Amino acid sequence: MSHSTVPRSSAEASMPVKTPVASPDATGAREARPGPGKLGFRLRFRRDRALILMTLPAIVLVLVFNYLPILGNVVAFQDYDPYVSDNGIVSILHSPFVGLENFQEIFGDSAFWNAVQNTFVLFFVQLLLFFPIPILLALLINSVLRPRVRAVAQAVLYLPHFFSWVLVIAVFQQMFGGAGMLSQLLRQHGYNGIDIMTDPNTFPFLVTAQSVWKDAGWGIIVFLAALASVSQDLYEAAAMDGAGRWRRMWHVTLPALRPVIALLLVLRVGDALTVGFEQILLQRDAVGPDAGEILDTFVWWNGVHNQDFGYAAAAGLIKGVVSIGLVLAANKVAHLLGEQGVYKK
Amino acid sequence: MTPNAASASSGPSRRSFLASTAIATAAVAGGMPLLAACGGSDSGSGGGTTSGKNAKKILPAYVASNVVTPDIPSKNGSAMGFTSKLDVATLKTSVPKKLGKGGKVTIMSPYWGSPPKGNNPYYTGMNSLIGVDVEWRNQDGNTYDQKLGAVLASSDIPDVVVIPGWNMTGRIPSAIAGKFADLGPYLSGDKIKEYPNLAAIPSDAWQRSIFGGKLMGLPMPAPYVQNIVPLYRQDIFDKEHYEVPKSADEFTALCKEITNPRAKRWACGDMKWTAFNTFGVISGGEKTLGWTVVDGKMINRIETPEYLEALEWARKLMAAGYVHPQFKLGKSQIGDPAPLFAAGEFLIWNDDISNWYGRQASQITQNPDFKCWGMDLWGHDGGNPKLWAANPAGIFSFVNKKASESVIRDVLAVANVTAAPYGTKEWMMTNYGVEGTHYTLKDGVPVKNDKGNNEVVNAFVMVASPAATIAHPDLPDYTKAMVEWQQRMGAFTQKSSFWGLQITEPNRYTNLADNFEQLEDDIVRGHKKISDMQQAVSDWKKRGGDRLRDWYKKLLDENGSAAS
């Protein structure tokens, strides 16, 4: 999954880099060029200006919608009052700076630490119970040879992804709620009903089960793509050498998937503090904040609901900083394992 | 805080109530005693209140309107009731000339239930009656607080925003003062006489519409008797010979008798708000109502032992399994409990008083045996209840500060129609819709059909309403029962120290109590303990609760109380 096209330094140029698709004609043009690093900035600019021009719109979008709003984080250091003016920027200018007061308050706020803890618990439960499932499903689907069966199975697996969370949770409530199908069935046979939907102790598993039901099928797409690129020759060769079904999976299929798995794992870890917002928010009241408050709902509650935007922005900023650290760490680990990871120095 | 909401209960519940404009104070010959001095101790973002001479300068004149004399006059803070037959043929006209200039007005408003399509016959009928093109932006009433703060922080605020008092949490009061137009130049003093139906709105409701020293809100006047009634399925009670309880213990025993999960039947919904009422907890309706002087000391409701006892009682009901499981889910996904109530899955529901009529009217068309009735509130120990008064206006609409004069005039034209009193053509149109489309005359009595029950609900009445009125020509015995319930409960009702005032707290204290309602609900659901509440209260004191107490004390010393 390497996307590097033009290595930036000569040191990197010596590394084996998968080049993007290059047709024979195109390679001719490529070879005519001197190697990168030997040219000055202006020459390279002139050579690549068409490409640069083409990326401009995307860069502008990213700047305007991703980078510019980052400046708004300044309210984390303010007692921000969004209502003093109709314009957010004017409001920022009119709100008093309070230094690190919001951060001090957050670090002393047990609700915040509770949210951090819940976030990590959910992340680990999801990592253990959710992450492997799309891989297994992909292997399963891949082993089905009849195209029609395969297409139907894929369609069935993808479909729940397009349901909204409200709907998914309503379905779970109808099945597993206190007056749901399961409970009434139990009661009709003389047992006590159980209410899985409001039990804080099993909440991480409930949430993960919902995620699996909704999104595991969707998650197999990437793995299926990776599997499709494995050359059939390898399987045939392995079979010739007497490798059975399991050995072929172990020595051919899984190694082929390894870079993808590593990449997704790094991305997932970098996103560790984001464990699903809407899904959790909808169920937060049902299990109480001790089990159901995560960092994102904490930010939402304090900012949007209580209009304490400075406090919420501070919590969000902490989350952002920790997330960067996690991405860097996960990427490092991926390198140590000999994988590409998300980027290379 | 969400008094009416009874979180779960508000549901679509309040729709019919609003449709019926059922509210009412009697009002006010001359308004309530106004306060002596002005302003709190702080000014500007420091908060405070406006009363006395300063208020008098901006309050509109009061010109009573007597279209029809009520059959049951207001007493003990109740609404006035109209029970005799309404002669639809001789309705009076209170707005002889269309005041609207044909402009377009967008209104954001809370809505309980599923809003009808934008160009339905009710909306278009009202628009042509008023002469203004009103476009509704309805938002779910149960979670309105979650959207309001963000909308007000944006630069794209609709022409009119409806804000209930119980949604004025956090910094919303300062947003109101900063973002909305001063209506004083159009309504103060005799200027209001241009809009006679608005001039007939009692002065205590207008007094509550003063924010930051300016007349900003168009009020919906309300009875001061609190609005949550334990409604119950009288048809099933009669069939099973259940007795209406008169104490907390009797209620619990009844719940035990009713509950049979195997047959898919539970006793009640979340009874938190009834618990507060029956245990005599100081009002949780609005921040300022929660403060009062007891034995010479300024206290807040959260500091009282009754508060904890009430929560503990409500928690026990849920823990014992008497509450329908749907209510354990909490506000964000409670859905609509009305079908469960109609199906008899639970029999007691604390709900807004308007639904006493509303549930009956909407169910009777499908189930002729259905009978919904209200219980008198009991004292938890079996004696009389000790109730705390609600404010004389609970819902307000505000006009965007950026609106031009012509938009403001158009909004006032809308309000002048929706505030028309009972017995006028405008009232009939606002509350019953178009004859033949939304209601039919049966023996001369207007009866809403399903289309009427779906479309003619809480939209236009939110803009402004007449002095609190209960009038349901189709079910006069319900009208009578509701007004008499208010009068009986009104006799046990007292006013807290800041009743009737619109108070803005200083900015630094506004977020102090944000999480208490959530904590209450978590305790009732067993996710938090009573000791967590005690901890939260002691934290609250340290973080500013005690300083806020001093602020309120000073405000009271300087202004005196409205209720005394």
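In this predicted model, helix H12 (residues 232-240) and helix H13 (residues 245-270) of chain A cross in a right-handed sense. The axes of H12(A) and H13(A) come within 10 Å and cross at roughly 140°.

**The contact between H12 and H13 of chain A**

- On the side of H12(A), the contact is made by A:Leu234, A:Tyr235, A:Ala238 and A:Ala239.
- H13(A) contributes A:Arg248, A:His251 and A:Val252 to this contact.
- As a general point, an α-helix has 3.6 residues a turn, so residues three or four places apart point the same way.

**Helix H8 of chain A**

- Helix H8 of chain A covers residues 147-158, which makes twelve residues.
- From its first C-alpha to its last, H8(A) reaches 16 Å, close to the 16 Å expected at 1.5 Å a residue.
- One of the twelve residues of H8(A) is buried, so this helix lies largely in the open.

**Strand E16 of chain B and its partners**

- Strand E16 of chain B (residues 393-399) has seven of its seven residues buried, so the strand is largely enclosed by the rest of the structure.
- Strand E5 (residues 160-164) of chain B runs antiparallel to E16(B), and five bridges join the two.
- Within E16(B), B:Ile395 is the residue that stands opposite B:Pro164.
- Strand E8 (residues 217-221) of chain B is also joined to E16(B) by five bridges, and this pair runs antiparallel.
- Here B:Gly217 stands opposite B:Phe398 of E16(B).

**The four-stranded sheet of chain B**

- Chain B holds an open sheet of four strands in the order E10-E13-E9-E14, with mixed pairing.
- Strand E10 (266-268) and strand E14 (372-374) of chain B stand at the edges with a single partner strand each, so one side of each has no neighbour in the sheet.
- From one strand to the next, the twist of this sheet averages 30°.
- E10(B) and strand E13 (residues 346-352) of chain B run parallel and are joined by two bridges.
- B:Cys268 has B:Ile348 in E13(B) as its bridge partner.
- In general, strands of a sheet pair through backbone hydrogen bonds, either parallel or antiparallel.

Technical notes:
Residues are numbered from 1 along each chain as its sequence is written. Chains are lettered from A and ligands numbered from 1 in the order in which they are written. This is a predicted model: local features need pLDDT of at least 70, side-chain atom pairs count only at pLDDT 80 or more; totals for chains, interfaces and linings use all residues. The expected span of a helix is 1.5 Å times one less than its number of residues. A residue is buried if 20 or more other C-beta atoms lie within 10 Å of its own, exposed if 12 or fewer, and partly exposed in between; C-beta atoms are placed from the backbone. Two strands pair if DSSP finds at least two bridges between them. Axes are lines fitted to C-alpha atoms, for helices over the stretch in contact, and angles run from 0 to 180 degrees between N-to-C directions. A crossing is left-handed if the near helix is turned anticlockwise from the far one by less than a right angle, and right-handed if clockwise. Two residues are in contact if their C-beta atoms, placed from the backbone, lie within 7 Å.
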